Amino acid sequence: FSEQVDEEGQPKMLIEDLTTTTVQADLESCINLMKDVEQHKEFTGDKISKIVKSVSDHEWIVYYYSNNPWPIKDSDNVSRLTMATDTSMTTVTFTLTAVPDEYEDKGVNRMEFYQAVYTFKDLGNDQVSIVIAGRSIPPVNVPDWLVKSAFPGTPAKSVKKMVTLLKQSGI
């Protein structure tokens with residue numbers, strides 16, 4: 001956690017997290033899960049996750065809606081999701097970057113700064129390394145103690161849910 005100052009000079013909490021695991025799966029299953037944005041809510045905890053615009057076969061504008069518990073107001077996130085594959089075809093990276101003006105305003109607090117990088121590396125023998133690096137500034141005022149109580153548990157739970165979905169895919 002660190003403090004950033006916004007355009008108006010107001011302090012904002014920057015949250016950075018890194019989560020890693022290895023899962024028994026094939027790389028294609030990981031790619032399919034990330035391309036199935038409707039399923040993202042199953043591991044992100046959002047109420048809604050959907051593609052709002054397909055830019056190409058490796059780039060999308062996606063929308064996430066969070067139905068937050070009281071006393072936190074609901075929020076949403078519009079991001080550009082890109083997929084890149086290394087030349088050896090053993091590592092695939094999906095990057096989400098906030099593009100708040102790319103989708104209509106839904107009347108909730110919108111995330112203005114967000115980046116998440118999901119890296120999947122084929123280790124062979126149906127083993128895949130998953131690394132998730134996140135950086136965000138919450139779009140709502142949340143007490144420091146409440147945010148800090150969510151880490152590192154929240155990213156770890158997300159990865160566990162992702163692993164469960166990959167195992168259910170039959171690999």
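## Strand S4

Every residue named here is buried: Glu59, Ile61, Tyr63 and Tyr65 point one way from S4, while Trp60, Val62, Tyr64 and Ser66 point the other way. This description rests on a predicted model. In a regular strand, side chains alternate between the two faces of the sheet.

Strand S3, residues 48–56, pairs with S4 in the antiparallel sense over 7 bridges. The two strands form a hairpin, with 2 residues between them. Within this pairing, Ile51 stands opposite Val62 of S4. Val62 belongs to the set that points the other way from Glu59, Ile61, Tyr63 and Tyr65.

S4 is also joined to strand S5, residues 75–85, by 8 bridges, and these two strands run antiparallel. Here Tyr64 stands opposite Asn77 in S5. Tyr64 is, like Val62, one of the buried residues of S4.

## Helix H2 and the residue after it

Helix H2 covers residues 37–44, and its buried residues are Val37, His40 and Phe43. These three cover an arc of only 75° around the axis, which puts them on the same side of H2. An α-helix has 3.6 residues a turn, so residues three or four places apart point the same way.

Just after H2 comes Gly45, which takes a positive phi of about 90°.

Note on methods. Residues are numbered from 1 along each chain as its sequence is written. This is a predicted model: local features need pLDDT of at least 70, side-chain atom pairs count only at pLDDT 80 or more; totals for chains, interfaces and linings use all residues. Side-chain values use heavy atoms; hydrogens and water are left out. Buried means under 20% relative accessible area, exposed over 50%, partly exposed in between (1.4 Å probe, protein chains only). Helices (H or I, at least four residues) and strands (E, at least two) are DSSP runs, numbered from the N terminus. The arc is that of the directions from the helix axis to the C-beta atoms. Two strands pair if DSSP finds at least two bridges between them.
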